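Biologist: I'd like to go through this model with you and ask where the words come from. Can you show me the structure before we start?

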Amino acid sequence: MTTVTDRTVLRDALGLLKDREQIAERLLESSAKHSFDPDKELDWQAPPVDGKWFWPPELVSLYDTPLWKRMGEEQRMELARHEAAALASLGIWFEIILMQLLVRHIYDKPLTSNHVRYALTEIADECRHSMMFARMIRTGGAPAYPVSRLNHNLARVLKTISTTPGSFACTLLGEEILDWMQRLTFPDERVQPLVRGVTRIHVIEEARHVRYAREELRRQMVTAPRWEQELTRISCGEAARVFSVAFVNPAVYDNVGLDRREALAQVRASGHRREVMQTGAKRLTDFLDDIGVLRGVGRKLWKSSGLLP
């Protein structure tokens with residue numbers, strides 16, 4: 001049997017890069033032990049539990065704003081239910097993009113390599129995640145919330161022309177902030193059991209995806225030509241700006257009886273919301289800074305997104 005390996009010794013600011021095939025082998029082993037079928041793992045027939053939230057209140061966009069303080073508990077919980085559906089919709093949109101980027105990445109790679117096998121495994125994970133999020137939206141009773149037409153079409157361009165390092169930088173942007181929020185959600189006993197179950201599965205499986213993307217982005221930023229590194233910095237910064245806006249879907253305010261303009265203005269002015277988003281992004285921005293992504297114009301775009309202090 002022939003094993004495809006990459007023995008080139010590479011180093012970046014974080015140290016030596018591990019062999020690509022060995023990383024993929026470990027991720028495949030983890031996938032074999034810790035993968036889930038949401039249709040069987042979760043109780044989709046159980047009714048919602050009265051008095052429990054669909055999303056932790058501290059992560060709701062209007063939390064601690066003057067408008068939040070005027071809202072009754074029932075309206076706050078209704079907003080949380082709709083925002084949970086909006087974030088699940090955002091997750092599906094992003095995972096469909098990610099699957100296409102992964103397919104592009106492996107198109108020219110050795111088909112029997114562990115690296116390609118793991119990418120295909122991750123694509124299968126993302127398929128299940130997208131179906132799981134869609135089922136959670138339907139079960140929760142709130143509508144789906146597609147992103148704006150502008151962002152939808154910007155993503156169409158991104159997934160068509162993105163370079164390999166740009167693809168993995170954007171992958172981490174979409175995965176790590178949501179992952180941070182979900183890590184707070186699944187152990188929170190105030191939250192609906194179904195939502196906790198969905199976020200638990202996603203967190204466990206997403207940890208492998210983050211490792212794969214981080215290791216590959218490190219490799220790409222070392223080996224890519226200078227023009228591609230600079231393009232990655234700019235495209236990643238623009239993606240951060242788009243993603244930070246897409247994190248709040250204005251239609252949720254209409255659907256819970258709030259004034260859209262007032263709500264959006266208070267979210268933009270909210271120190272708590274800014275802290276939530278920056279804290280959720282910090283692990284990622286520290287990593288991107290270490291490997292040289294947050295430089296020049298790209299850094300300015302990240303700052304304008306509100307995700308980088």
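Biologist: How many nonpolar, polar and charged residues are in the lining of the largest pocket?

Modeller: The lining of the largest pocket has ten nonpolar, eight polar and four charged residues. Keep in mind that this is a predicted model.

Biologist: What volume does the largest pocket have, and which residues lie nearest its centre?

Modeller: The volume is about 580 Å³. Of the 22 lining residues, Ser244, Val245, Val248, Val267 and Arg268 lie nearest the centre. The elements that give two or more residues to this lining are helix H9 (226-246), helix H11 (260-269), helix H12 (271-290) and helix H13 (296-305). H9 gives the largest share, four residues.

Biologist: What makes up the lining of the second largest pocket, by class?

Modeller: There the residues divide into 14 nonpolar, six polar and one charged. This second largest pocket has a volume of about 380 Å³. It is lined by 21 residues, and Leu154, Leu158, Cys170, Ser235 and Ala239 are the closest to its centre. Helix H4 (73-106), helix H6 (149-161), helix H7 (164-185) and H9 each give two or more residues to that lining.

Biologist: Let's turn to the helices. Why are H4 and H5 called roughly antiparallel?

Modeller: Look at the angle: the axes of H4 and helix H5 (residues 114-140) cross at roughly 160 degrees. Angles over 145 degrees count as roughly antiparallel, so H4 and H5 get that name. Their axes come within 9 Å, and the crossing is left-handed.

Biologist: Which classes of residue are in the contact of H4 with H5?

Modeller: That contact has 18 nonpolar, seven polar and four charged residues.

Biologist: And how do you know whether H7 and H9 are roughly parallel or roughly antiparallel?

Modeller: H7 and H9 pack at an angle of about 30 degrees, with their axes 9 Å apart. The cut-off for roughly parallel is under 35 degrees, and therefore H7 and H9 are roughly parallel to each other. Their crossing is right-handed.

Biologist: Why do you give both an angle and a distance for two packed helices?

Modeller: Because two packed helices are described by the angle between their axes and the distance between the axes.

Biologist: Now some single residues. Is histidine 209 buried or exposed, and how do you know?

Modeller: Histidine 209 has 0% relative accessibility. Buried means under 20%, so histidine 209 counts as buried. You'll find histidine 209 in helix H8 (residues 193-223). Histidine 209 is 198 residues away from arginine 11 in sequence, and the two are 22 Å apart in space, C-alpha to C-alpha.

Biologist: What makes threonine 223 partly exposed?

Modeller: Its relative accessible area is 45%.

Definitions and conventions: Residues numbered from 1 in each chain as written. Predicted model: local features only at pLDDT ≥ 70, side-chain atom pairs only at ≥ 80, totals over all residues. Heavy atoms only, no water. 1 Å grid on protein atoms, 1.4 Å probe; cavity = no way out; pocket = protein on both sides within 12 Å on 5 of 7 lines; lining within 4 Å. Points joined across faces, edges and corners; volume = space filled by probe spheres on them. Nonpolar A, V, L, I, M, F, W, Y, C, P; charged D, E, K, R; others polar. Axes fitted to C-alpha atoms, helices over the stretch in contact; angles between N-to-C directions. Parallel < 35°, antiparallel > 145°, perpendicular 65-115°, else oblique. Left-handed = near helix turned anticlockwise from the far one by under 90°. Buried < 20%, exposed > 50% of the residue type's maximum accessible area, 1.4 Å probe, protein only.
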